[in-house]
Amino acid sequence: MADPSLYTYPSPLEGYEGLQPLPDEKAEDGKSFVNPQTGVLSKAYERFVEPISNDQRGGFDVHIYYFQGNPEQARFAKALWERIRREFPELRIYRVWDEPVGPHPMAMFEVNIFTPVQFGAFIPWLVINRGPLSALVHPNTDDEERDHTQRATWMGEKLPLDLSLFKKMKEKAAAAETAEVVT
């Protein structure tokens with residue numbers, strides 16, 4: 001994971017300043033708290049929060065990994081890929097890569113999620129159905145390295161990613177920006 005001190009974080013209470021203190025009243029279960037109801041659901045049920053993409057790129061990528069040299073895992077991954085295509089046709093599902101690609105250290109396939117509703121349906125389903133495979137879930141923002149590290153969530157074993165790709169992309173973008181200023 002990326003060093004958290006490299007980033008800044010807005011207050012989680014931004015936009016909620018100056019409100020009445022929350023009640024200490026416990027719910028029926030005796031453990032959780034009663035929350036004040038506003039009658040309005042959070043906008044996060046309809047759109048991903050900024051800076052997560054809400055366009056055709058998709059808000060989240062899910063990379064599902066398998067050991068390409070393990071025939072049982074390869075078969076399971078291909079069966080899972082087929083099942084996801086059949087059960088979640090509204091998601092964008094890419095090909096099964098049988099070798100490392102990009103920053104990903106082993107064989108995998110990718111699924112794109114476009115809405116919070118899709119996320120809420122697919123991620124719990126994947127928690128139960130991913131079998132022996134690991135999965136990386138990351139948002140899509142304008143900071144790919146941070147998306148794949150500090151903002152990433154793992155199911156199963158966390159795998160090391162080749163982050164040098166992102167550093168090279170940043171260097172290339174900075175060089176292109178410098179060239180534009182010079183011209």
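How many nonpolar, polar and charged residues does the lining of the second largest pocket have, by class? I looked this up first. I counted five nonpolar, two polar and three charged residues in that lining. The model is predicted, and I kept that in mind for every entry.

**Pockets.** I listed the residues that line the second largest pocket: Tyr 9, Pro 10, Val 49, Glu 50, Pro 51, Ile 52, Thr 141, Arg 146, Gln 150 and Arg 151. I noted about 240 Å³ of space in this pocket.

I then turned to the largest pocket, which has a volume of about 380 Å³. Its lining includes Pro 12, Leu 13, Tyr 16 and Glu 17. Asn 35, Pro 36, Gln 37 and Thr 38 are also among the residues that line the largest pocket. By class, I found seven nonpolar, four polar and one charged residues there.

**Cores.** I looked next at the largest nonpolar core, which has 26 residues. Val 62, Ile 64, Ile 84, Val 111, Phe 122 and Leu 126 touch the most other members. I checked which elements supply at least two residues each to this core, and found β1 (60–65), α1 (71–87), β3 (108–113), α2 (116–129) and β4 (134–139).

Leaving out residues up to four places away in sequence, Val 62 touches Phe 109, Glu 110, Val 111, Ile 113, Phe 122, Ile 123, Leu 126, Ala 135, Leu 136 and Val 137.

I also found a second, separate core of eight residues. Tyr 65, Met 106, Met 108 and Trp 154 are among its members.

**Helix α2.** I checked the length of this helix. With 14 residues at 1.5 Å a residue, α2 should span 20 Å, and its end C-alpha atoms are 20 Å apart, so the two values agree.

Which residues of α2 are buried? I wrote down Pro 116, Gln 118, Phe 122, Ile 123, Trp 125 and Leu 126. An α-helix has 3.6 residues a turn, so residues three or four places apart point the same way. The buried residues of α2 are covered by elements including β1, α1, β3, β4 and β5 (153–155). Just after α2, I noted that Gly 131 takes a positive phi of about 60 degrees.

**Gly 69.** I found Gly 69 in the loop between β1 and α1. Is Gly 69 buried or exposed? Gly 69 counts as exposed because its relative accessibility is 71%, and the cut-off for exposed is over 50%. Last, I looked up Gly 69 and Ser 164, which are 95 residues apart along the chain. Their C-alpha atoms are separated by 25 Å.

Technical notes: Residues numbered from 1 in each chain as written. Predicted model: local features only at pLDDT ≥ 70, side-chain atom pairs only at ≥ 80, totals over all residues. Heavy atoms only, no water. 1 Å grid on protein atoms, 1.4 Å probe; cavity = no way out; pocket = protein on both sides within 12 Å on 5 of 7 lines; lining within 4 Å. Points joined across faces, edges and corners; volume = space filled by probe spheres on them. Nonpolar A, V, L, I, M, F, W, Y, C, P; charged D, E, K, R; others polar. Core = buried A, V, L, I, M, F, W, Y, C linked by side-chain atoms within 4.5 Å. Buried < 20%, exposed > 50% of the residue type's maximum accessible area, 1.4 Å probe, protein only. Helix = DSSP H or I, 4+ residues; strand = E, 2+ residues; numbered from the N terminus. Contact = heavy atoms within 4.5 Å. Expected span 1.5 Å × (residues − 1).
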